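Good morning, everyone, and thank you for making time for this. Please have the sequence and the structure open while I talk, and stop me if you lose track of where we are.

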Amino acid sequence: MARETILCYFCALTFCFLVRGRGACDTYNSTCDESALLQHDNSFRGRDGTWELPRDWKTSRDIANISAFEPITWGKIEDTDVVLNFFTAVPVFGQDGNYIALLHEMDDGLPLRYLQTGALSLFCSGPGGSHRTKVRGRGNETNAAYKIYFVFLCDWPEEDKHLERFEVSLEDGQGKQLGVVVAEQKNGLLQQYHTAACLRDVWPGVSGLRQLPQWIEFQLLHGIDHILFYTVNIDSEILVDLYEPYIKSGVVTRVHLHKEREGYPHAQAFADEVQRRILGDCLYRFKNHANWLLPSVDIDEYIHVKDGNLFGGGEVPDDYLGSSWDAIVKKQGLQPNTVRSISFGRYRFQLAQPGQVELSSVLREPQPAELCPKYVVNPILCDCLHVHWCTSWKTGTENLGLGADTLIAHEFRNPPHSYAIEKHIEANATDTSMQQYIPGLSRSLAARFQEETTHLLSRLSSVERIPLKTSTLIHPERLESDTDKELQVADPTTAAWIRSFSKVKGIVNTDPPAEHALHSAI
């Protein structure tokens with residue numbers, strides 16, 4: 001049934017928003033990308049009142065509900081406790097093996113080093129000490145810059161794959177019990193997909209919430225088979241209404257994270273950590289469920305294929321978000337099991353007018369933005385991810401980089417990036433190349449929400465952003481020149497790599513930027 005939500009605000013003015021539906025986000029990374037839209041309390045106050053939010057929202061497609069794990073003291077090195085703080089645990093069964101993945105912030109990487117060098121031993125087992133095995137570690141095998149997490153792997157019997165709850169007992173080399181980590185899954189929710197996508201938590205920003213349904217609908221129309229979306233702490237009724245028609249259709253699945261902002265020195269630290277958790281968790285959820293995965297494409301970014309010659313007949317097919325990756329690999333004369341990821345740049349567009357789909361905006365900056373690329377990943381071949389590239393991968397695999405003449409993302413965002421201001425770059429180039437997709441997107445949205453698309457988007461545009469000073473939310477336009485981090489905070493090696501990538505033509509082999517002494521400070 002359609003849900004009616006009336007949010008009324010009383011302050012100096014009184015006004016109401018009606019949001020009806022059948023019922024993430026921007027990424028923030030302090031080196032390369034924009035801030036997240038995150039939330040933290042069970043209500044939040046805008047300048048015109050308080051929105052009460054349903055923390056207890058449950059759906060029929062909740063695959064896991066993740067809370068904080070208790071810290072586990074592993075042992076001592078030079079009289080200093082080594083403490084493990086896993087942020088998620090994911091059951092994995094299939095082609096990549098049968099194991100429970102225990103993901104941990106990289107920080108200084110010392111726990112992983114202790115495991116790999118044998119300075120400390122770690123074993124895992126099931127209930128009652130069953131199938132005890134030595135823990136394996138992945139995450140520092142390459143020289144890729146900005147490693148943000150590592151993973152401990154606990155091998156698990158395949159016959160347990162039907163279970164939905166796994167209690168992983170950890171013990172040291174002497175058999176001392178250290179603690180228990182619980183992993184969850186819900187059987188039958190995730191099937192086998194050719195191409196899937198991760199969608200992080202979403203909140204009203206400068207364009208309200210209008211971008212969320214447009215992005216989901218576009219992905220599903222053009223080849224994305226399934227979307228795993230994340231919520232953090234709480235969910236507004238507005239988001240419930242926007243997600244529910246997709247939940248009822250079975251085309252999305254949800255992971256809920258409980259993560260409070262208390263104790264973080266600033267909003268950026270909180271945003272960073274949540275982003276890392278989603279990147280890691282989503283990769284391992286899809287390890288044996290997708291051939292290709294979009295781990296960090298945001299709801300203001302639309303992938304556009306420019307080179308129809310990638311496909312037979314020279315025409316880009318309607319399902320290009322699913323079929324392009326194999327076509328690109330084939331064009332290079334490679335096999336899919338040798339290409340771990342495919343990277344592409346971004347054009348920055350002005351936002352569309354309220355009530356209009358984002359693709360109706362045709363003004364962009366003349367050249368690809370000097371920003372870190374986005375990418376699609378083969379989940380089997382990558383073990384750890386950064387927002388913009390793989391950081392740990394199977395030996396003998398490669399990354400392909402695409403030029404703007406082949407494939408590029410159209411990013412619809414205001415205000416301009418600092419590099420554009422400093423170099424007097426304006427969004428004055430006309431690009432109508434994605435206009436062809438507007439009619440189909442508009443019809444599909446109208447059918448999904450049983451409402452004329454311009455009316456739907458106008459109402460969602462009117463959902464006001466929350467001023468940062470009076471809210472626990474983080475907004476990309478308010479967080480300390482967020483995208484400036486891509487060139488100003490990144491080390492010189494990475495900054496040079498970013499500039500070089502923005503000028504790529506055609507299809508090239510490229511590795512991510514190499515580690516630099518400064519990267520650990522980011």
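I will go through a sheet, the disulfides, the nonpolar cores and then one serine. Please keep in mind throughout that this is a predicted model.

Let me begin with the sheet, which is an open one made of four strands in the order 8-9-13-12, with antiparallel pairing. Its edge strands are strand 8 and strand 12, residues 136-138, each of which pairs on one side only. From one strand to the next, the twist averages 25°.

If you look at strand 8, residues 86-94, you will see that strand 8 pairs with strand 9 in the antiparallel sense over eight bridges, and that a hairpin of two residues joins strand 8 to strand 9. To find this pairing on your screen, you can look for Pro91, whose bridge partner in strand 9 is Ile100, and for Val92, whose partner in strand 9 is Tyr99. Strand 9 also pairs with strand 13, residues 149-155, again in the antiparallel sense and over seven bridges, and here Glu105 stands opposite Tyr149 of strand 13.

As a reminder, a disulfide is a covalent bond between the sulfur atoms of two cysteines.

One of them joins Cys124 to Cys154, with 2.0 Å from S to S, and because the torsion about that S-S bond is about 100°, the disulfide is right-handed. Cys124 sits in strand 10, residues 122-125, and Cys154 in strand 13, so this pair links distant parts of the chain, 30 residues apart. Cys124 and Cys154 are both buried.

Another disulfide is formed by Cys198 and Cys282, whose sulfur atoms are 2.0 Å apart; with -95° about the S-S bond, this link is left-handed. Since Cys198 lies in strand 16, residues 193-199, and Cys282 in helix 4, residues 267-285, the pair ties together parts that are 84 residues apart in sequence.

The remaining pair to mention is Cys382 and Cys390, with sulfur atoms 1.8 Å apart, and this link is right-handed, with 135° about the S-S bond. Both of these cysteines are buried. Cys384, by contrast, is in no disulfide, and the nearest cysteine sulfur, that of Cys390, is 8.6 Å away.

In soluble globular proteins, nonpolar side chains tend to be buried together. The largest core here has 63 residues, and those that touch the most other members are Leu199, Tyr243, Trp325, Ile342 and Leu359. Helix 3, residues 237-249, gives the largest share of this core, namely seven residues. A second, separate core has 44 residues, among them Leu103, Leu189, Cys382 and Val387.

Finally, let us turn to Ser341, which lies in strand 21, residues 339-344. Is Ser341 buried or exposed? Its relative accessibility is 2%, and because buried means under 20%, Ser341 counts as buried. The side chain of Ser341 makes a polar contact of 2.5 Å with the side chain of Asn399. Leaving aside neighbours within four places in sequence, Ser341 is in contact with residues including Tyr375, Val377, Glu398 and Leu400.

Definitions and conventions. Residues are numbered from 1 along each chain as its sequence is written. This is a predicted model: local features need pLDDT of at least 70, side-chain atom pairs count only at pLDDT 80 or more; totals for chains, interfaces and linings use all residues. Side-chain values use heavy atoms; hydrogens and water are left out. Buried means under 20% relative accessible area, exposed over 50%, partly exposed in between (1.4 Å probe, protein chains only). A polar contact is a pair of N or O atoms within 3.5 Å; within protein, one must be able to donate a hydrogen and the other to accept it, and residues adjacent in sequence count only if both atoms are side-chain atoms. Contact means heavy atoms within 4.5 Å. Two strands pair if DSSP finds at least two bridges between them. A nonpolar core is a set of buried Ala, Val, Leu, Ile, Met, Phe, Trp, Tyr and Cys residues joined through side-chain atoms within 4.5 Å. Axes are lines fitted to C-alpha atoms, for helices over the stretch in contact, and angles run from 0 to 180 degrees between N-to-C directions. A disulfide is a pair of cysteine sulfur atoms within 2.5 Å.
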